[in-house]
Amino acid sequence: MVAFLHQVFSGLAMGAVYASLALALVVIYQATHHVNFAQGEMAMFSTYIAWDLIDRGVPYWEAFLLTIAISFLIGMVIERVVIRPFERAPALTVVIVFIGLLVIFNSLAGWRYSYTIKSFESPFPDEPWFGNSFMSSHESGTVVVTLAMLALVYIFFRFTKLGLAMRAAALNPTSSRLVGIRVGWMLAIGWGLAAAIGAIAGMMAAPIVYLDPNMMGGILLFSLAGALLGGIDNPWGAVLGGFIVGVLENVAGAYLVGTEIKLSVALIIIVGVLVAKPSGLFGRRIAARV
Amino acid sequence: MAPILEARGLTAAYGPIQVLHGLDIRVEDGGVTALLGANGAGKTTVLRALCAMVRRGGAASFRGRSLNGQATEDIVRLGIAHVPDGRGTFAALTVNENLRLGAYARRDRAAVKADSARVCGYFPRLAERRQQQAGTLSGGEQQMLAIARALMLRPKLLLLDEPSFGLAPLAVADIFGILRKINRDDGVSMLIVEQNANLALDLADHACVIETGRMAMSGPAAVVRDNEAVRRAYLSY
């Protein structure tokens with residue numbers, strides 16, 4: 001029983017990472033109806049930036065905030081420069097662009113930082129918090145950081161003018177222009193936000209999975225499974241889905257399939273959701289008139 | 001009186017199909033111009049062309065400033081509020097959020113708050129439903145919300161696309177009463193597209209009748225109303 005609980009709790013930590021990345025996917029999906037397959041590699045690259053900063057002697061939390069800011073800018077620039085020209089392109093073209101971005105970031109990281117695995121420090125102490133024997137302090141810290149980030153994102157979208165404008169631009173671009181919203185910039189800010197959220201996911205995941213250019217491949221798949229499970233058009237559903245997938249993955253890895261083929265859990269969830277309930281647990285089903 | 005909006009040789013096309021073939025349209029400062037014509041004449045396209053929502057040609061100016069080459073969101077920021085057909089409210093957002101978005105382009109927060117109260121005074125039904133999702137409102141309430149949202153911009157010119165469409169007669173009378181009040185009390189100029197010519201001509205001081213993208217007749221509203229031939233040919237009453 002204790003071992004089982006241990007699996008559940010440490011699943012929550014990776015679940016927090018999946019939840020963050022799932023949220024990043026949803027932020028872009030809601031505005032563009034595309035799944036950004038490069039989200040994981042962007043997060044990985046952000047994590048390398050953090051590693052670089054820390055390596056240069058910047059204290060962890062300063063590096064953490066700086067990385068978020070840099071990632072935000074990189075996300076915005078990518079939207080403006082790379083994605084914008086394909087605004088009206090067919091879905092398949094956009095998918096190819098995303099895959100191109102994925103490969104570029106992967107190679108860039110390998111070229112700049114080499115493919116050897118690096119360790120990434122955790123900002124949290126070695127002893128577990130509050131005598132919590134089920135989670136290491138990094139695992140608890142990951143959950144706390146993620147919840148704090150989610151709260152901030154919620155406040156931003158719910159209570160700020162810019163957040164409202166971003167929601168409006170995603171819901172109805174034409175009407176948004178008619179109230180004076182610069183829809184293109186809202187998209188760019190959305191990309192920046194997604195990249196910043198991804199950066200947090202990367203920095204929280206790296207002490208667990210170690211830092212290497214391919215660290216995010218599996219994580220993106222689990223995040224996508226989480227987003228689909230919760231409903232990819234519902235941010236809070238996607239977040240919850242991320243946590244559920246994290247726990248499922250850990251428990252299934254320990255008791256059902258073994259760690260070697262854990263990744264297939266993600267695929268089973270993706271296929272299962274798409275077959276049984278394509279809108280996800282909390283997504284809206286959209287009926288289109290033809 | 002100087003015109004607040006003046007378009008000369010306005011053309012517009014959807015892809016290869018040209019819809020407007022050079023229209024001259026004026027709205028006097030503080031005036032109301034009605035845009036009349038049969039279905040498919042291009043009335044909605046005129047409003048869209050003015051807001052740069054379709055590819056357009058010709059010259060258009062607002063308060064002496066050229067609108068050529070400006071994007072929709074910039075035109076809006078000059079003080080032109082467009083209430084599109086189909087209303088263009090944000091169905092998934094609350095009434096309150098819709099109103100806040102209407103004032104998105106404004107920076108004067110205190111005045112926005114006052115305007116929000118004023119607009120809700122025009123439409124008490126909206127005030128009761130401020131936390132409700134816009135998509136759950138009735139058709140009349142949604143039209144009210146669309147106009148209220150447009151007023152939150154504190155526009156100098158209101159472009160209205162069929163404000164009576166799909167509404168019960170009582171709701172129509174209500175809305176036109178409020179439009180008249182807004183025009184008279186706040187001096188908001190209007191360009192109004194209407195199927196219901198009687199209603200529009202009552203409100204307007206000037207009228208344009210268009211037929212398949214060309215001007216069939218334009219002049220003072222009273223003259224257009226009394227023109228038997230125009231009435232029978234284009235306004236079908």
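The model is a predicted one, so local features need pLDDT of at least 70 and side-chain atom pairs count only at pLDDT 80 or more, while totals for chains, interfaces and linings use all residues. Residues are numbered from 1 along each chain as its sequence is written, with chains lettered from A and ligands numbered from 1 in the order in which they are written.

Chain B holds 10 helices and 10 strands, taken as DSSP runs numbered from the N terminus (H or I, at least four residues, for helices; E, at least two, for strands). The radius of gyration of chain B is 17 Å, close to the 18 Å from the globule rule for 237 residues, so chain B is as compact as a globular protein of that length; the radius is taken over C-alpha atoms, and the rule is 2.2 Å times the number of residues to the power 0.38. Along the principal axes, the C-alpha atoms of chain B fill a box of roughly 50 × 40 × 35 Å. Of the contacts in chain B with a separation of 6 or more, 67% come from residues 24 or more positions apart; a contact here is two residues whose C-beta atoms, placed from the backbone, lie within 7 Å.

Two open sheets of chain B can be described in turn. One has six strands in the order E6-E7-E8-E3-E9-E10, with mixed pairing, where two strands pair if DSSP finds at least two bridges between them. Its edges are E6 (80-83) and E10 (214-220), each pairing on one side only, and neighbouring strands are turned by 15° against each other on average, direction ignored.

E1 (residues 3-14) of chain B pairs with E2(B) over nine bridges, and B:Thr11 has B:His21 in E2(B) as its bridge partner.

Over in chain A, H6 (residues 161-171) and H8 (residues 183-209) pack at about 110° with their axes 9 Å apart; axes are lines fitted to C-alpha atoms, for helices over the stretch in contact, and angles run from 0 to 180 degrees between N-to-C directions. H6(A) and H8(A) are therefore roughly perpendicular, a label covering 65 to 115 degrees (under 35 is roughly parallel, over 145 roughly antiparallel, the rest oblique). A:Ala165, A:Met166 and A:Ala169 from H6(A) meet A:Val183, A:Met186, A:Ile189 and A:Gly190 from H8(A). By class, that makes six nonpolar, one polar and no charged residues, counting Ala, Val, Leu, Ile, Met, Phe, Trp, Tyr, Cys and Pro as nonpolar, Asp, Glu, Lys and Arg as charged, and the others, Gly among them, as polar.
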